[in-house]
Amino acid sequence: MADPSSCAHCSIYERLDWTVSDHRDEILTVLSKLESNGKGFVQPQQLVAEFEAIPEAFGEVSKNIQEALVLSPYLALAIRPRPGVWEHIRINMKTLDVEELPVAEYLMMKEELVDGSAKGHFVLELDFEPFNASVPKPILSKSIGKGVEFLNRHISAKLFTEPESMQPELLEFLRIHTRDDKNLMLNDNIEDVESLQHVLMEVEEYLLTLSPETPYDAFEQKLQDLGLERGWGSNAGRVLETIQLLLELLDAPDALNLEKFLSKIPLVFNVVIMSPHGYFAQDNVLGYPDTGGQVVYILDQVRALENEMLKRIKEQGLDITPRILIVTRLLPDAVGTTCGQRLEKVYGTQHSDIIRVPFRTEKGIVRRWISRFEVWPYLETYTEDVATELLKEFQGKPDLIVGNYSDGNIVASLLAHKFDVTQCTIAHALEKTKYPDSDLYWKKLEDKYHFSCQFTADLIAMNQTDFIITSTFQEIAGNKETVGQYESHLAFTMPGLYRVVNGIDCFDPKFNIVSPGADMDIYFPYTEKERRLTSFHSEIEELLYSQVENKEHLCVLNDRNKPIIFTMARLDRVKNITGLVEWYGKHAKLRELVNLVVVAGDRRKESKDNEEKAEMKKMYELIDTYKLNGQFRWISSQMNRVRNGELYRYIADTKGAFVQPAVYEAFGLTVVEAMTCGLPTFATCKGGPAEIIVNGKSGYHIDPYNGDKAADILVDFFEKCKADPSHWDKISQGGLKRIEEKYTWQIYSERLLTLTAVYGFWKQVSDLDEKRRYIEMLYALRYKKSVESLPLAEEELSKGGS
């Protein structure tokens with residue numbers, strides 16, 4: 001028999017079982033030592049170190065251990081051979097018996113370590129796998145995030161092998177689309193698939209006699225008499241192309257034609273973008289608590305989406321005005337922003353608005369900002385109020401609802417359930433991976449973060465939604481070393497609340513990677529001199545180099561000839577701005593080569609955010625400890641996006657660099673912005689930026705947990721640039737090339753509307769009733785119970801408002 005410890009096709013269990021039996025004495029010695037330390041969690045690195053004396057003991061397996069725990073007489077291992085794939089193994093430390101361990105039993109062992117034995121006590125166990133058993137899934141990790149490609153192949157194959165059931169579904173999908181009580185695509189003259197095919201062939205023959213530019217009006221009556229209504233195209237050429245795609249789909253379906261045809265169907269006219277928390281406005285809000293990249297993302301998304309909708313509607317030959325509503329929270333205490341204004345037109349659009357709906361309780365309207373961790377008790381009432389506003393604004397229901405972050409996604413789920421429309425989920429950042437072991441030790445964090453509500457809301461949204469958009473692969477399934485945000489929801493336990501044996505599968509075809517871009521009107525290369533906003537330069541010079549210290553800028557830069565390393569983000573623990581400042585403060589060579597400029601936090605007013613307050617305190621301490629004044633500038637958050645775009649370019653003029661040092665970053669919009677401006681960028685290797693940047697070619701990866709090495713990488717770059725200035729240009733150009741290839745809003749908006757069409761059809765042909773009932777029970781019996789246990793945030797309420 002081949003050695004299973006190095007056998008590629010053998011399971012982890014088979015490899016370990018062989019290894020243990022072949023090295024009994026050595027392994028018994030190590031396990032006895034582990035057992036003598038008592039029960040508890042064992043760091044994987046420690047476990048590997050213990051077995052170093054036995055080279056063959058674990059082989060490649062040891063590199064894949066994510067978690068290990070000792071609970072006598074067992075050593076239990078959670079092993080991740082590749083992204084999205086897990087195995088759980090239990091080794092009896094006395095007998096050396098090796099067995100595969102069901103997920104539920106592994107989670108029970110974790111619960112016993114954290115919360116004591118739960119034997120004999122009923123624990124709610126959540127398992128979504130039975131409801132997804134009929135859903136086709138890829139098996140290769142490289143297919144994760146390419147859900148629509150896989151789904152197109154599956155649906156087209158079913159159209160080919162099961163035409164008697166699938167073709168009528170496609171016909172029905174074409175029938176159901178109406179606008180203002182008028183049919184689109186088909187009318188009642190089309191009775192069945194056979195009559196549809198007959199009509200399509202007749203129309204194809206007729207259209208071939210016309211010039212492709214012949215307007216639809218010229219032949220509308222003929223097509224209507226045959227059974228076809230508007231929506232096929234604006235002229236003879238477009239109508240012919242759509243009809244030929246459908247004929248090919250009915251005759252010999254393939255994945256490419258399926259997506260092309262579905263993307264041409266007029267489906268989406270009214271869109272809702274949900275984003276309740278924070279200060280959502282277009283001016284003077286960036287840097288406020290809970291207000292950052294998500295606001296920028298949504299505003300840019302909406303502008304691109306409206307353009308794509310208008311383009312498609314025109315190509316479809318329809319005279320319909322689309323509408324996009326960004327739904328957020330109305331804040332009567334708007335602190336100098338427009339957040340108290342009910343309706344606000346989105347700049348650069350014709351048909352898109354921000355609509356604000358207040359949080360309210362039986363005592364009245366909640367006036368002030370509330371942390372994103374405190375919003376849960378308000379959301380159910382808020383959803384009903386939002387539904388009422390949408391029906392008024394649209395004069396009907398929306399066609400697509402896009403949720404953002406946990407609060408926006410649970411509201412989107414409730415609205416999509418109420419209106420029975422297509423739902424898209426965008427997490428931006430799932431908190432579970434940002435706070436290590438926040439599931440296992442949720443009780444300790446509950447008073448501050450209320451993860452019992454948030455993690456349940458995330459589970460509900462990601463399972464109910466029709467499709468999920470992520471910006472990167474890592475957001476879904478991490479990488480070889482790091483578990484992905486969604487992957488962390490596959491199996492976990494919150495002791496005393498519930499255990500999840502199957503929450504979401506990374507291989508689910510609802511996952512799609514669709515990366516955003518930067519607003520090209522604001523962020524463009526520093527070399528485009530004719531577009532440069534030189535009118536801002538005096539203001540930027542004041543920000544960077546003024547010798548005045550005040551609440552807007554603290555500390556001064558004595559040497560203006562040095563390049564600037566620059567960062568801009570919210571001032572919180574995860575963004576790790578104080579970490580960067582400490583790296584800089586400690587590294588004499590880096591301080592000799594460059595200045596450091598930080599734009600973060602708002603010293604002009606007292607923060608309401610406890611985490612921001614703690615980071616501010618730490619920043620003051622770092623300035624004093626490392627005597628940074630003279631080489632460091634701390635600028636309060638800057639709200640003017642247009643000027644910020646020129647600020648990136650101004651830093652590029654100094655031959656500086658942008659640094660994004662976050663502990664974890666789901667995507668990294670500032671990374672895209674900096675690279676779009678031609679500024680060499682150094683960004684965290686934890687999360688999305690690791691995919692945006694090709695290390696050493698279009699920027700550099702830095703490890704936020706190894707500040708000394710990150711500082712060395714910066715020093716190496718600037719020393720090379722000093723010796724050879726073309727090196728700076730090479731990395732700058734590499735970043736610009738990377739952006740052009742992958743990160744534009746036009747690509748994004750095209751994909752979003754196409755995904756809506758494909759998943760809308762998939763939803764129709766799928767039986768989701770049982771899963772829907774399961775989710776309803778989870779919402780009513782667990783989520784609502786957690787929410788009802790929370791106190792309302794201590795906020796001033798208006799008297800009698802509603």
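I began with helix H17 (residues 451–464) and helix H29 (residues 769–788), which pack at an angle of about 165° with their axes 10 Å apart. An angle over 145 degrees counts as roughly antiparallel, so I noted H17 as roughly antiparallel to H29. I looked up the hand of the crossing of H17 and H29 and found it left-handed. The model is a predicted one.

Next I listed the contact. From H17 I have Ser452, Cys453, Thr456, Ala457, Ile460, Asn463 and Gln464. From H29 I have Lys771, Ile775, Leu778, Tyr779, Arg782, Tyr783, Ser786 and Val787. I sorted the residues of this contact into eight nonpolar, five polar and two charged.

I then turned to H14 and H17, which pack at an angle of about 50° with their axes 9 Å apart. They are therefore oblique to each other. I recorded a left-handed crossing where H14 passes H17. On the H14 side, the contact is made by Tyr405, Ser406, Asn409, Ile410, Ser413, Ala416 and His417. On the H17 side, I found Gln454, Ala457, Asp458, Ile460, Ala461 and Gln464. The residues of the contact of H14 with H17 divide into six nonpolar, six polar and one charged.

Last, I looked at H14 by itself. Helix H14 covers residues 405–419, 15 residues in total, and its first and last C-alpha lie 21 Å apart, close to the expected 21 Å. Twelve of the 15 residues are buried, so I noted H14 as largely enclosed by the rest of the structure. Among the buried residues are Tyr405, Asp407, Val411, Leu415 and Phe419. Just after H14, I found Asp420 with a positive phi of about 55°.

Note on methods:
Residues are numbered from 1 along each chain as its sequence is written. This is a predicted model: local features need pLDDT of at least 70, side-chain atom pairs count only at pLDDT 80 or more; totals for chains, interfaces and linings use all residues. Side-chain values use heavy atoms; hydrogens and water are left out. Helices (H or I, at least four residues) and strands (E, at least two) are DSSP runs, numbered from the N terminus. The expected span of a helix is 1.5 Å times one less than its number of residues. Buried means under 20% relative accessible area, exposed over 50%, partly exposed in between (1.4 Å probe, protein chains only). Axes are lines fitted to C-alpha atoms, for helices over the stretch in contact, and angles run from 0 to 180 degrees between N-to-C directions. Angles under 35 degrees count as roughly parallel, over 145 as roughly antiparallel, 65 to 115 as roughly perpendicular and the rest as oblique. A crossing is left-handed if the near helix is turned anticlockwise from the far one by less than a right angle, and right-handed if clockwise. Contact means heavy atoms within 4.5 Å. Ala, Val, Leu, Ile, Met, Phe, Trp, Tyr, Cys and Pro count as nonpolar, Asp, Glu, Lys and Arg as charged, and the others, Gly among them, as polar.
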